[in-house]
Amino acid sequence: MAASGGYRNGTHKGNMKVDRLVSLSSATKSSSLKSKPSPASPASSGLRRNSTGSVGGAKDDAGVPGRVRVAVRLRPRNAEESVADADFADCVELQPELKRLKLRKNNWDTDTYEFDEVLTEFASQKRVYEVVAKPVVESVLDGYNGTVMAYGQTGTGKTYTLGRLGEEDTAARGIMVRALEDILAEISPETDSVSVSYLQLYMETIQDLLDPTNDNISIMEDPKTGDVSLPGATLVEIRDQRSFVELLRLGEAHRFAANTKLNTESSRSHAMLMVHVKRSVKGRDSVLLSENCNSSHMVKTFKPPVVRKGKLVVVDLAGSERIDKSGSEGHTLEEAKSINLSLSALGKCINALAENSAHVPVRDSKLTRLLRDSFGGTARTSLVVTIGPSPRHRGETSSTIMFGQRAMKVENMLKIKEEFDYKSLSRRLEIQLDKLIVEHERQQKAFEDEVERITVEAQNRISETERNYADALEKERLKYQEDYMQSIKKLEEQWVMNQRKHGSERTTFELKDDNFDKALNRVVPVASAAEEISELKKLLQNEASLRTATEEEVNNLKSQVVQWKRIEAAGNSEILKLRKMLEDEAHQKEKLEEEIAILQSQLLQLSFEADETRRQLDRGESGKVLGNLDSFVSQIRHSQLSDSGNGDKASIAKLFEQVGLQKILSLLEAEDADVRIHAVKVVANLAAEETNQEKIVEAGGLSSLLMLLRSSEDETIQRVAAGAIANLAMNETNQELIMSQGGISLLSITATHAEDPQTLRMVAGAIANLCGNDKLQIKLRGEGGIKALLGMVRCGHPDVLAQVARGIANFAKCESRASSQGTKSGRSLLIEDGALPWIVQNANNEASPIRRHIELALCHLAQHEVNAKDMISGGALWELVRVSRDCSREDIRTLAHRTLNSSPTFQTELRRLRIEC
Ligand code: ADP
Ligand code: MG
């Protein structure tokens with residue numbers, strides 16, 4: 001019973017009897033458990049369903065207006081009344097079709113009251129249930145609170161209406177049993193639940209009819225919502241109708257026992273059945289967790305399920321008849337007050353609510369506190385007022401009717417009891433979580449298995465690859481070993497070949513060869529394969545290191561060869577440079593010597609002039625000679641100053657004409673040594689000119705010169721004389737003359753004694769010229785010319801050696817000619833006289849004049865087959881081969897080649913030595 005506020009039908013005023021409220025019957029007609037009509041305005045109201053608690057939110061807190069429905073039920077006359085009131089008419093007359101009740105005031109006057117339902121004495125229990133209780137039950141199933149209450153005088157059928165169990169007669173089942181039947185039929189046992197408490201309120205004490213020891217249950221009120229609950233009361237969950245009926249019977253038995261114990265009557269106590277219906281709402285507002293949905297989706301669409309908690313309160317009130325204040329029934333006044341307290345408080349509250357009073361004394365009694373929600377609250381409330389027909393109880397009947405009429409004015413605001421089911425959600429989440437954990441664990445295991453599998457597979461592959469790799473490596477190793485052995489074999493063969501070729505030449509392969517042999521010897525059959533393999537490995541390593549060493553050595557040798565080649569090239573170019581310088585020097589020297597000769601002849605002339613002058617002075621002609629000499633000297637000086645070239649020769653020629661050859665030659669025998677020197681120089685100078693040579697010889701110059709060579713001990717005279725003789729010896733006639741006059745002997749003597757290289761050069765030059773004469777070969781050799789020539793090599797001066805070489809070449813040439821003409825058959829006189837060693841020794845002399853002459857000499861000697869053996873044994877063949885290959889002059893190279901090829905002896909020897917030529 002709301003203390004204040006809430007919707008009230010404030011328009012109901014005036015005559016209550018004609019008040020016509022919304023028809024309860026119309027609602028019930030269209031209402032059925034299946035159709036689930038709206039509790040406030042079933043089926044047709046169209047009003048939005050509101051909710052209380054957390055679901056609907058505060059905006060719909062006002063709820064749906066729902067007036068307390070009141071039906072009146074008339075009990076048939078009982079046996080006693082049938083007798084006692086036999087002569088009297090009933091005090092009430094019912095007009096059920098008009099939903100009216102007429103209460104007879106007296107014989108001529110009645111009051112008419114309208115009720116939401118008027119149930120006659122013939123109304124079946126089923127119909128009473130359907131009219132009074134079923135709409136409330138439906139509302140409870142929909143999540144509203146509901147109240148069905150019976151009010152009336154003791155014995156009018158309250159308990160009959162509400163509490164009949166109907167065990168002996170099904171049709172007699174009262175509202176409690178039927179309501180539970182409907183509720184149990186409607187709920188789903190999996191998600192919904194029904195539990196009941198059964199209580200008795202007597203003298204403001206709440207007793208538990210399901211547990212008699214629990215006889216003072218206190219009321220708890222939620223300070224926020226004002227909801228009333230009895231936490232101390234036994235709450236029994238109902239699964240089926242039978243157990244519920246059992247429970248009711250047990251409760252009734254307890255009620256009877258309690259009343260006996262307390263010495264009360266059940267009519268003085270209020271019985272109260274509380275049915276808690278808890279239902280989950282599916283597929284409407286709540287989102288249920290699907291097992292199929294994944295966790296992220298689940299979280300996204302997460303919404304706790306909604307649970308509706310309807311509570312049906314069935315109240316069988318104590319009898320409404322007034323208790324005699326005197327305590328006629330054995331109670332004290334205080335007891336009487338207390339017994340009536342709750343009922344009268346209820347009446348007062350209903351009055352207050354009906355009258356829209358500002359104060360509703362809810363807290364005055366336990367009953368009103370317990371029924372706070374049923375009247376003026378949020379519950380759907382249906383009240384059945386029971387009346388008896390007896391006119392004797394007309395007063396009580398009237399007050400009951402008035403109670404009902406007032407109750408009809410009480411307007412409730414129905415609110416759905418709906419809230420999020422966090423417990424259920426938590427349970428579901430826990431289940432889901434467990435499922436996920438299981439799934440996760442399963443996946444984890446699968447993952448680990450997979451990892452294990454992959455690891456094993458990878459390891460297998462790795463070991464397989466390693467095996468393959470080792471195999472390949474072993475194969476490769478064997479292949480290389482084989483290759484290496486073959487290479488070594490080849491090298492060995494090659495080395496043997498080279499050894500054969502070059503005799504004592506040694507190669508570095510010997511080392512390898514030895515090692516290889518050693519290695520081979522070490523390859524002996526071994527007991528086990530492992531040992532063999534390790535042995536082979538060692539061998540391979542040895543061989544590899546040997547190979548590396550050999551390669552290094554080869555590389556070293558290569559680099560050495562390169563270095564040597566570089567040095568050789570540098571040396572060659574140096575030699576060429578030096579040779580060029582030497583030739584230049586020689587040329588320069590020749591020129592200087594020429595000049596010296598000219599100057600000497602001029603000096604000779606001057607001394608001659610001086611001698612002449614002295615003689616003329618002796619004969620008185622001194623002035624003329626001196627004059628001539630002076631002029632000669634001055635001429636020379638002049639010509640020297642003006643012209644150092646042609647002027648000299650011109651001067652000598654002039655001098656020659658002026659002085660006369662005879663005079664010059666005579667001076668060769670002058671006493672004055674200086675004069676002799678000058679004279680010989682002049683003669684020598686003149687002898688250099690081919691045109692003068694014949695004249696000089698005719699005038700006895702050659703003989704004078706030879707005499708001078710023999711007699712003079714002066715080195716200069718000897719040198720100059722020899723030079724003059726050499727010049728004269730260029731002519732073939734002169735050569736014969738020189739020979740016939742014993743010139744070769746003189747030259748030989750000079751050659752033996754002379755120390756000055758220039759003297760020796762001149763002597764050697766003279767002999768060399770003589771060597772070129774075919775006719776003089778034998779004589780020249782016979783008189784020791786060749787030996788003299790060879791003797792001069794002691795000096796070592798290249799100019800001398802060059803003349804010696806020239807002489808030898810000339811001699812060899814003549815011999816060659818003679819042998820080709822058949823005039824000579826024996827071996828070369830040069831060889832006889834021991835020239836060959838020197839020839840071989842100087843065949844590769846670095847001075848090109850020497851080398852050339854000797855090369856030619858070799859060729860000439862080789863042309864005579866009889867010389868071949870000596871040449872071979874003396875090492876001349878090698879030199880010839882070299883000349884045929886390396887000589888820079890093509891003609892000599894060709895000559896040497898031809899010569900070698902034409903000699904059978906040489907050919908045989910060359911073949912023996914396997915030398916290609
Ligand atoms: P209350 O509970 O109001 O004191 P009860 O339900 O105990 O009254 O009824 C008193 C007597 O009247 C009981 O024997 C009951 O069987 C009988 N009775 C009540 N209402 C009816 C009815 N409608 N039809 C037949 N008998 C009834
Ligand atoms: Mg009763």
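Modeller: Gladly! Let us start with Gly-155: a polar atom of its backbone is 2.4 Å from an oxygen atom of ligand 1. Keep in mind that this is a predicted model.

Biologist: What makes the pair between Gly-155 and ligand 1 a polar contact?

Modeller: A polar contact is a pair of N or O atoms within 3.5 Å. The Gly-155 pair, at 2.4 Å, meets that cut-off, so it is a polar contact. Gly-157 also has a backbone N or O atom 3.0 Å from a ligand oxygen, while Thr-159 uses an N or O atom of its side chain, at 3.1 Å. Both values are within 3.5 Å, so these pairs count too.

Biologist: How much of ligand 1 does the protein bury?

Modeller: The protein buries 65% of the 540 Å² that ligand 1 exposes when taken alone.

Biologist: Which helix gives the most residues to the shell around ligand 1?

Modeller: That is helix H5, residues 158-163, with three residues. The whole shell has two nonpolar, six polar and three charged residues. Among its members are Arg-73, Gln-153 and Lys-158.

Biologist: Now to Ala-233. Why is Ala-233 called buried?

Modeller: Buried means under 20% relative accessible area. Ala-233 has 11%, so it counts as buried.

Biologist: Where is Ala-233 found, and which residues does it touch?

Modeller: Ala-233 is in the loop between strands E12 (228-229) and E13 (236-237). Leaving aside residues up to four places away in sequence, Ala-233 touches Ser-197, Leu-199, Asp-208, Asn-214 and Ile-217.

Note on methods:
Residues are numbered from 1 along each chain as its sequence is written. Chains are lettered from A and ligands numbered from 1 in the order in which they are written. This is a predicted model: local features need pLDDT of at least 70, side-chain atom pairs count only at pLDDT 80 or more; totals for chains, interfaces and linings use all residues. Side-chain values use heavy atoms; hydrogens and water are left out. A residue is near a molecule or strand if one of its heavy atoms lies within 4 Å of it. A polar contact is a pair of N or O atoms within 3.5 Å; within protein, one must be able to donate a hydrogen and the other to accept it, and residues adjacent in sequence count only if both atoms are side-chain atoms. Accessible areas come from the Shrake-Rupley method with a 1.4 Å probe; for residues, only the protein chains shown count as cover. Helices (H or I, at least four residues) and strands (E, at least two) are DSSP runs, numbered from the N terminus. Ala, Val, Leu, Ile, Met, Phe, Trp, Tyr, Cys and Pro count as nonpolar, Asp, Glu, Lys and Arg as charged, and the others, Gly among them, as polar. Buried means under 20% relative accessible area, exposed over 50%, partly exposed in between (1.4 Å probe, protein chains only). Contact means heavy atoms within 4.5 Å.
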